Amino acid sequence: MFNTPFVLSFALLLSFPLLFFFAPRFLPPKHAQISLPDELDDLALFRRATLASLHPGAVVSRLGTTNSNSKPKIAFLFLTNSDLHFAPIWQIFFQNYQGLYNIYIHADPSSKIAPPGGVFEGRFITAKRTQRASPTLISAARRLLATALLDDSLNSYFALVSQKCIPLHSFQFMYNSLFVKPIAESTRPNSSSSSMLFPMYRSFIEILNDDPYLKDRYISRGQDVMLPEVPFDRFRVGSQFFVLTRQHALVVIKDRRLWRKFRLPCHNLDSCYPEEHYFPTLLSMEDPHGCTHYTLTRVNWTGSTDGHPHTYGPAEVSTALIRELRVSNSTYSFMFARKFSPECLQPLLDIAEKVIFRD
């Protein structure tokens with residue numbers, strides 16, 4: 001009835017919709033790229049924040065809290081693509097410390113996130129799409145830093161956290177720990193050089209150069225793509241969660257040179273985690289002595305899956321766990337911990353007052 005070529009052609013035509021439907025399930029995922037309009041928006045924001053830093057106190061934004069208190073503040077930068085399930089914990093954490101902190105939230109616009117209210121009311125910034133293991137996470141963090149710099153000249157420390165982070169101490173403990181020990185200028189190397197421009201307080205950012213996978217990650221964009229700006233012996237890795245000083249936050253948003261390399265797409269996606277390399281590499285090159293080289297965020301990599309750390313469940317939440325998570329190898333206690341599943345909220349609330357916030 002129908003000749004063979006006609007049947008084959010008709011079958012091929014019908015297969016096209018199926019190809020478009022199933023192909024994304026079998027092809028390797030592509031990392032999200034940063035569009036030119038998004039890049040230009042960010043550059044404009046970074047310029048405004050940089051100019052505002054030259055005249056501190058001249059700019060007042062709707063997100064900043066203004067009062068007669070002239071004490072330095074901690075800017076908490078929440079980077080999220082889902083609901084802030086632990087908002088009630090953070091609400092207790094911030095309670096009674098108005099004027100000593102500001103909150104900024106970058107929420108992926110492709111995710112439907114329920115407004116948490118309370119201290120988080122009105123704290124969402126203009127956000128762009130983010131994707132794990134892509135330069136979009138770097139852009140989001142820089143966007144948060146620039147917004148906080150522009151918003152309040154009293155923002156002195158900038159703590160990047162995720163929606164799956166919880167505090168391990170009271171706000172008062174954290175505040176006192178961060179601002180108690182300034183670096184004496186006379187003890188800093190090259191104190192007569194450009195390092196004089198950097199802070200008397202250190203940034204808490206993990207900076208490592210001995211990771212066994214460092215070489216694979218360095219060449220993930222191509223053998224010599226990172227040259228000459230980033231030679232391999234200057235390439236670093238570390239946790240994407242940090243607590244930066246104001247001066248180092250300015251270094252990050254002013255950077256163009258290294259960003260041009262780290263924003264490039266990777267050919268080997270299995271070894272591509274730019275958000276874990278950009279900040280440690282940049283600050284290691286600019287001011288290594290102004291950084292502690294360790295993070296204040298505790299993560300458990302035991303039994304990690306697909307590059308994700310261990311996620312604590314409600315059955316694991318206990319007084320002993322909180323005390324264990326606080327312990328670090330540095331002179332500072334860990335201040336945050338991740339990752340916790342949303343189901344941990346109630347067990348954490350049960351021990352918040354008597355354990356987490358009692359130092």
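Is His293 buried, partly exposed or exposed? His293 counts as partly exposed because its relative accessible area is 31%, where buried means under 20%, exposed means over 50% and partly exposed lies in between (1.4 Å probe, protein chains only). This is a predicted model, in which local features need pLDDT of at least 70 and side-chain atom pairs count only at pLDDT 80 or more, while totals for chains, interfaces and linings use all residues. Residues are numbered from 1 along each chain as its sequence is written, and side-chain values use heavy atoms, with hydrogens and water left out.

- Most residues other than glycine have a negative phi, and most peptide bonds are trans.
- His293 is not a glycine, yet its phi is positive, at about 75°.
- You will find His293 in strand S7; helices (H or I, at least four residues) and strands (E, at least two) are DSSP runs, numbered from the N terminus.
- Ala133, also not a glycine, has a positive phi of about 60°, and it lies in the loop between strand S2 (101–107) and H4.
- Ala133 counts as buried because its relative accessibility is 5%.
- Leu227 and Pro228 are joined by a cis peptide bond with omega about 0°, and Pro228 sits in the loop between H6 and S6.
- Another cis peptide bond joins Arg338 and Lys339, with omega about 5°.
- Lys339 belongs to the loop between strand S9 (336–338) and helix H11 (345–356).

**The largest pocket**

- The largest pocket has a volume of about 1,200 Å³.
- On a 1 Å grid over the protein atoms alone, a pocket is an open set of points with protein on both sides within 12 Å along at least five of seven lines, whereas a cavity is a set where a 1.4 Å probe fits but cannot get out.
- Grid points are joined across faces, edges and corners, and the volume is the space filled by probe spheres set on the points.
- Of the 42 residues lining this pocket, the closest to its centre are Gln240, Glu276, Trp301, Pro309 and Arg338; a lining residue has an atom within 4 Å of a point.
- The lining residues divide into 15 nonpolar, 18 polar and nine charged.
- Here Ala, Val, Leu, Ile, Met, Phe, Trp, Tyr, Cys and Pro count as nonpolar, Asp, Glu, Lys and Arg as charged, and the others, Gly among them, as polar.
- Strand S1 (73–80) and strand S8 (297–299) each supply at least two residues of the lining.

- Tyr294 lies in the loop between strand S7 (291–293) and S8.
- Tyr294 is partly exposed, with a relative accessible area of 22%.
- Leaving aside residues up to four places away in sequence, Tyr294 touches Phe204, Ile205, Glu206, Ser330, Thr331 and Tyr332, where contact means heavy atoms within 4.5 Å.
- Tyr294 and Gly238 are 56 residues apart in sequence and 8.2 Å apart in space, C-alpha to C-alpha.

**Cysteines**

- A disulfide is a covalent bond between the sulfur atoms of two cysteines.
- Counting pairs of cysteine sulfur atoms within 2.5 Å gives one disulfide.
- Cys266 and Cys272 form this bond, with their sulfur atoms 2.0 Å apart, and both residues are buried.
- The torsion about their S-S bond is about 60°, so the disulfide is right-handed.

**Salt bridges**

- The whole structure holds eight salt bridges, each a side-chain nitrogen of Lys or Arg within 4 Å of a carboxyl oxygen of Asp or Glu.
- One of them pairs Glu39 with Arg263, the closest N and O atoms being 3.5 Å apart.
- Glu39 lies in helix H2 (residues 36–53) and Arg263 in the loop between helix H8 (259–262) and helix H9 (278–286), so this pair ties together parts 224 residues apart in sequence.
- Glu39 is buried, at 11% relative accessible area, whereas Arg263 is partly exposed, at 27%.
- Lys73 and Asp152 also meet in a salt bridge, 2.7 Å from N to O, and both residues are buried.
- Asp38, Asp41 and Lys128 are linked in a network of salt bridges.
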